[in-house]
Structure formats: structure tokens, C-alpha cells
Amino acid sequence: MARIVTGAGTSATVPFDAHPIHTERLLLRPLTEDDADDVAAYQARPDVVRYLPWPERNAAESREHTRKRAAFTHLADDGDGLILAAELVGADGAPGPVIGDLSVFLKDRENAQIALGWVFHPDWHGQGFATEAATAVLDLAFGELGAHRVFAELDPRNEASVALCLRLGMRLEAHFVESEFFKGEWSDLQVFAILARDWTTRS
Ligand SMILES: CC(C)(COP(=O)(O)OP(=O)(O)OC[C@H]1O[C@@H](n2cnc3c(N)ncnc32)[C@H](O)[C@@H]1OP(=O)(O)O)[C@@H](O)C(=O)NCCC(=O)NCCS
């Protein structure tokens, strides 16, 4: 069985199959095609996709995109990914809507490098849901997956995403200037990252 070996000498097993993760207010579980309507509610919004490599999608396009992303449930080789729906859990424990999703990509198995991405519906911004979900995903990455380094790439104009990285304890590692012609203009790219030892010793 292949293993990810981290610099600290710890390891985690791949292949890895996504499983549900409960947080205080959310259930993180593999995205399914049944989530397409909820996903469409945020994928259709220009403010949501502004800094995502996505166009604004209509309902049919969003369903097709969700159907494809629902296949991302397994990590084994470089390029594999998990797409986790962030489902709001009601006070009575009843399942609620999917209010966002997170991506976890195995970028480099040999070097235990994992990339994260996140998107939430604006109706649910500003309440710590993204922080809560991303914290659980970092626990997964540095726990079961044995990541050595987890990173996120973003446009520095995406202030909410920058703030999320900083709240999570990620450090700014790199700023590439006009490295991508994105949505009609030259755009900068920043890389934020956190190491396993930073995560385990954070206060
Ligand atoms: C990036 C994104 C997920 C961040 O969402 P967010 O709502 O700002 O982040 P959180 O859910 O963690 O909420 C943080 C806010 O809630 C507040 N908050 C309230 N309770 C909180 C709690 N328990 N924990 C953390 N923050 C809490 C924080 O103070 C912060 O408020 P502020 O925005 O006034 O500073 C969101 O902007 C988004 O989906 N953007 C569109 C998609 C996108 O661009 N994705 C990234 C591409 S790189």
C-alpha cells in the first residue's frame, strides 16, 4: 500500500476514500449530484466566481459540473482530489442545505503536499463557517492524510480568502506578479501555506 511520508517521519495511508466529518455546525461529506441545486445557488453568482476559475453557471451547467465533481472522492495519486460539501446541520440534527464546498487535492504524494480550496454561499459568509470547515479539513490533511505542507493559491484582491488563510495560521509564502491572464486581465497570485508542525503547535 502506498504511503505518504512526511518530513517528520510520520505517515498516512493512501489510497484514501472521503468520509463524513462532523464539525460544530456542519457536516462535511462527499458532494453528490443531488446537491446540484444548492451548488447552483452560489455558482450562478458573479461575486462568488470572481476569483474562482469558474464561469457563472446556469442551473444545467452547474448540475453537470456538480456531477463531475461528485466523482472526486478518492486520493491515491498526484492530481486526485476530494470535493466535500459543507452541509448545514439543523439544531435538531436534521440535514440542511449545502452552503459551500471545499476541495482537497493531492498535489505531490512523495512530498506530502496538499492544496485546499473553498467556496461558500454569501448568505452564509461572515459567520465563521469557512473557518470551521477549513479547520476540519486541515485536521484531516495533517491527521489521516499525513500532509507535510498544505497550501492555497489565490488572487491577493480576494481579501476574504486572504483573511481566511491568515485566520487558519497559514503564512504568505509567495507573491507572483501578473503570472496569469485571468478573466480578461493580468492577475497576481499569492501562495499561502502551513506546515504540519505549525498546525500541531498552534495556540
Ligand atoms: C473565501 C470565503 C469562503 C471566506 O468566507 P468568510 O465568510 O469570509 O469566512 P468565514 O466563514 O470563516 O467567516 C469569517 C468572518 O466571520 C466572523 N466570525 C463569526 N464567527 C466566527 C467564528 N466562530 N470563527 C471564525 N470567524 C467567525 C469573522 O470575524 C469574520 O468576519 P469578518 O469577515 O467581518 O472579518 C468566501 O469569501 C467565499 O466563498 N468567496 C467566494 C469564493 C472564493 O473566492 N473562494 C476562494 C478562491 S481562492
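Which element gives the most to the lining of the largest pocket? The tour of this predicted model begins with that question.

**The pocket.** Select β9, residues 113-120. With 6 residues, β9 gives the most to the lining of the largest pocket. The space in this pocket amounts to about 1,200 Å³. Its lining comprises 45 residues, and those closest to the centre are Tyr-51, Leu-52, Gly-117, Trp-118 and Ser-161; centre the view on these five residues.

**The surrounding elements.** Colouring the lining by class then shows 24 nonpolar, 11 polar and 10 charged residues.

**The loop between β8 and β9.** Select Ala-112, which is placed in this loop. Although Ala-112 is not a glycine, its phi is positive, at about 55°. Most residues other than glycine have a negative phi. Is Ala-112 buried or exposed? Its relative accessible area is 1%, under the 20% limit, and Ala-112 is therefore buried.

**The loop between β11 and β12.** Finish at Lys-183, found in this loop. Lys-183 is also a residue other than glycine with a positive phi, here near 50°. Lys-183 has a relative accessible area of 42%. That value lies between the limits of 20% and 50%, so Lys-183 is classed as partly exposed.

How values were computed: Residues are numbered from 1 along each chain as its sequence is written. This is a predicted model: local features need pLDDT of at least 70, side-chain atom pairs count only at pLDDT 80 or more; totals for chains, interfaces and linings use all residues. Side-chain values use heavy atoms; hydrogens and water are left out. On a 1 Å grid over the protein atoms alone, a cavity is a set of points where a 1.4 Å probe fits but cannot get out, and a pocket is an open set with protein on both sides within 12 Å along at least five of seven lines; lining residues have an atom within 4 Å of a point. Grid points are joined across faces, edges and corners, and a volume is the space filled by probe spheres set on the points. Helices (H or I, at least four residues) and strands (E, at least two) are DSSP runs, numbered from the N terminus. Ala, Val, Leu, Ile, Met, Phe, Trp, Tyr, Cys and Pro count as nonpolar, Asp, Glu, Lys and Arg as charged, and the others, Gly among them, as polar. Buried means under 20% relative accessible area, exposed over 50%, partly exposed in between (1.4 Å probe, protein chains only).
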